[in-house]
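These notebook entries record what I looked up in the structure shown below. They take the sheets, the contact between the chains and some single residues in turn.

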Amino acid sequence: MTDFLFQKTNGLTDKQTHYCPGCTHGIIHRLVAEVLEDLNVVEETIAIASVGCSVLSYEYFNTDSIQASHGRAPAVATGIKRVFPNQIVFTYQGDGDLASIGLAEIIAAAGRGENITVIFVNNAIYGMTGGQMAPTSLVGQKTSTSPLGRNPLLAGMPLKMCEIMSQIPSVEYVSRVSTHSPLAIRQAKVAIKKAFENQRANRGFSFVEILSSCNIGWGLPPVEALKWIESRMISYYPLGVYKDGKDLE
Amino acid sequence: MGKELMKGSEVVGASAILAGCNYFFGYPITPQNEIPEFMARELPLNNGVFVQAESETAAINMVYGAASSGRRVMTSSSSPGIALKQEGISYCAGAQLPCVIVSVSRAGPGLGGILTSQADYNQATRGGGNGDYNVPVYAPADLQELSELVQHAFYVADKYRNPVMVLIDGTLAQMMEPVELIKITYPEIDHMQWSVTGRKDRKNNHIISSIYLVADELEQHNHWLSKKYEQIVNLEEKAEIYQCEDAEIVVVAYGTSSRIARTSIDNLREKGVRVGMIRPISLWPFPFSAFENLPCCKYCLSVELSMGQMVSDVILASKFKYPVTHFGRVGGNMFTNSELESEILTRMSEVATND
């Protein structure tokens, strides 16, 4: 008998990911998969992959999966969850997918209080398409479509999704966490676990925003990118629990 | 059970439920609101699910999600709404998901009007989504046939793992007729080999996706889809051939137009005019074989409530053996029997002069 101190979770397949070295998508995949394993729901989970860097996430989660069109993951999740209300359904979406093209779907699914879990990965940029400005890009942030830096007079201020989602009455849980340090990662796992436990207990719509690095898109070495999350992103996107419990009459 | 006086929209809903459809996702748009209203009322009584989506786009994507389970799923809409659904229909075709879309055509383009129209022939048969895909389209002409074709659509969708459309217009959706709801029995089709349910005891994960990043893999997928479409073309054509044996002029009309045309043909036949009708029931695949045996045909008239869309398919079907022109009214207007009969008589006299 060998005692393992650490083992890859059975919530992930053995497929090598396509993520860039330094990207924190891999960490977030692992956290989600570990939570599914901890809750013993890997075999009853249906993952909804979105469009963006995580478009191939269905190859990495060791679950049945549906690949959704751009921004529509919450609608696809609604469809399958309404067929299988006892299965665990989650979407895994980036900021372009969720906070831009898919705003209607995320707000409406939250408005209906769908009993699903949303993993929202905010790296302040469109990574997959080559580093364009996202709705969450910070003021002054240089991207390929804001070459002089995001100008709030032209592009407005970045959207704060947790703050928006927490205003929706039927939403059960909203939390923002980060991946910039080992402590932050452990705290992120606590929030993710809570979001899945809520679904299992039929408590309703749970939303976890995870600040994530895109060292390639930001033009920074990986360690500097993690520091950029801590120094730049968290001040605009404060971490914490934004909502815990529905506002029902 | 006997005949009941029913509205077209209700026939759609009742026939879908009869076919085992327990899931409906839709968005309000005139002139088809009675379909989601019927489903909102009836589905919960049958342990089914009705969701009013936030948009047409969301509705078709809910269909995409629910259809991934292998269960029977439906949505309905009208012209501008179907336009919005086209992206999702392409994804359903790409991911090979069976589902039924009911399209209730109104006058366009743009917001157009809410009165009846057949100007969505191209939208239905050509589709507006991206990529190489096809969607079988059925166009009933009365409410009894509507009930049968809605059930048939679910079977064809399951058989080929492909979206199927039932195309009617505002008139058929809003009119009432006596209908006998009869459940049609089709072979059972098992979706356990691919459906997404949660892995449970299976070894392999089931994945629904339309993405193929490797060119050769996508090409292979395209060839596989095309093979299915070829099969559909070979097996699923449907048409009614009416009084064509000796017809010198053949009217081609579907849906509401064909009802008016049938009366005109009967009227003209009484006067000795040799006129007949081909009524396409499947619009895609277009019933080309119905045109193969028209021994006396000298002229073909494509009669549609549009500026002339199906006429292109009729020209292809004619193989240029006889002239083909279009006749119709648009904007929500319908032609009268006397308008159509005078058009037919004018064309007949042209044919006679050319002889």
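Predicted model: local features only at pLDDT ≥ 70, side-chain atom pairs only at ≥ 80, totals over all residues.

Entry 1. Before reading helix directions I note the convention: axes are lines fitted to C-alpha atoms, for helices over the stretch in contact, and angles run from 0 to 180 degrees between N-to-C directions. With that convention, helix H7 (residues 182–200) of chain A runs at about 160° to E5(A).

Entry 2. The predictor gives the complex an ipTM of 0.97 and a pTM of 0.97.

Entry 3. I then asked in what order the strands of the open sheet of 8 strands are arranged. I read E7(A)-E5(A)-E6(A)-E4(A)-E3(A)-E1(A)-E2(A)-E9(B), and the pairing is mixed. At its edges I find strand E7 (240–244) of chain A and E9 of chain B, each of which pairs on one side only. Helix H2(A) packs on this sheet and touches E1, E2, strand E3 (88–94) and strand E4 (117–122) of chain A. The direction of H2(A) makes about 175° with that of E3(A). Within the sheet, strand E5 (residues 173–178) and strand E6 (residues 206–211) of chain A pair in the parallel sense over 6 bridges. I note Val177(A) with its bridge partner Ile210(A) in E6(A).

Entry 4. I looked next at where the chains join. E2(A) and strand E9 (residues 207–208) of chain B pair in the parallel sense over 2 bridges. The bridge partner of Ser65(A) in E9(B) is Ile207(B). How many residues of each chain are in contact with the other? I count 28 residues of chain A in contact with 33 residues of chain B. On the side of chain A that touches chain B, at least two residues each come from strand E1 (45–49), strand E2 (64–67), helix H2 (73–83) and helix H4 (103–111). The largest share, 8 residues, comes from H2(A). By class, this side of chain A has 13 nonpolar, 9 polar and 6 charged residues.

Entry 5. I turned to the open sheet of chain B, in which 7 strands follow the order E3-E2-E4-E5-E7-E6-E13 with mixed pairing. Strand E3 (49–52) and strand E13 (282–284) of chain B each have a single partner strand, so one side of each is left without a neighbour in the sheet. Helix H3 (residues 56–67) of chain B packs on the sheet, touching strand E2 (23–26), E3, strand E4 (73–78) and strand E5 (99–105) of chain B. Its direction makes about 165° with that of E4(B).

Entry 6. Is E7(B) made of buried or exposed residues? I find 7 of its 7 residues buried, so E7(B) is largely enclosed by the rest of the structure. Pro163(B), Met165(B), Leu167(B) and Asp169(B) point one way from E7(B), while Val164(B), Val166(B) and Ile168(B) point the other way. E5(B) pairs with E7(B) in the parallel sense over 7 bridges, and Val100(B) stands opposite Val164(B). From E6(B) the chain crosses through helix H6 (residues 143–160) of chain B to E7(B), and this β-α-β crossover is right-handed. Strand E6 (residues 137–138) and strand E7 (residues 163–169) of chain B also pair in the parallel sense, over 2 bridges. There, Tyr138(B) has Val166(B) as its bridge partner.

Entry 7. I checked Val303(B), which lies in strand E14 (residues 299–303) of chain B. Val303(B) counts as buried because it has 26 C-beta neighbours inside 10 Å. Beyond its neighbours within four places in sequence, its contacts include Val251(B), Ala261(B), Phe327(B) and Leu340(B).

Entry 8. The peptide bond from Thr30(B) to Pro31(B) is cis, with omega near 10°, and Pro31(B) sits in the loop between E2 and helix H2 (34–42) of chain B. The bond from Trp284(B) to Pro285(B) is also cis, with omega near 0°; Pro285(B) is in the loop between E13 and E14 of chain B. Asn47(B) has a positive phi of about 60° although it is not a glycine. Asn47(B) counts as exposed, with 7 C-beta neighbours inside 10 Å.

Key:
Residues numbered from 1 in each chain as written. Chains lettered and ligands numbered in written order. Pairing = 2+ DSSP bridges. Helix = DSSP H or I, 4+ residues; strand = E, 2+ residues; numbered from the N terminus. Contact = placed C-beta atoms within 7 Å. Nonpolar A, V, L, I, M, F, W, Y, C, P; charged D, E, K, R; others polar. Buried ≥ 20, exposed ≤ 12 C-beta atoms within 10 Å, placed from the backbone. Right-handed = clockwise from strand over helix to strand, strands pointing away.
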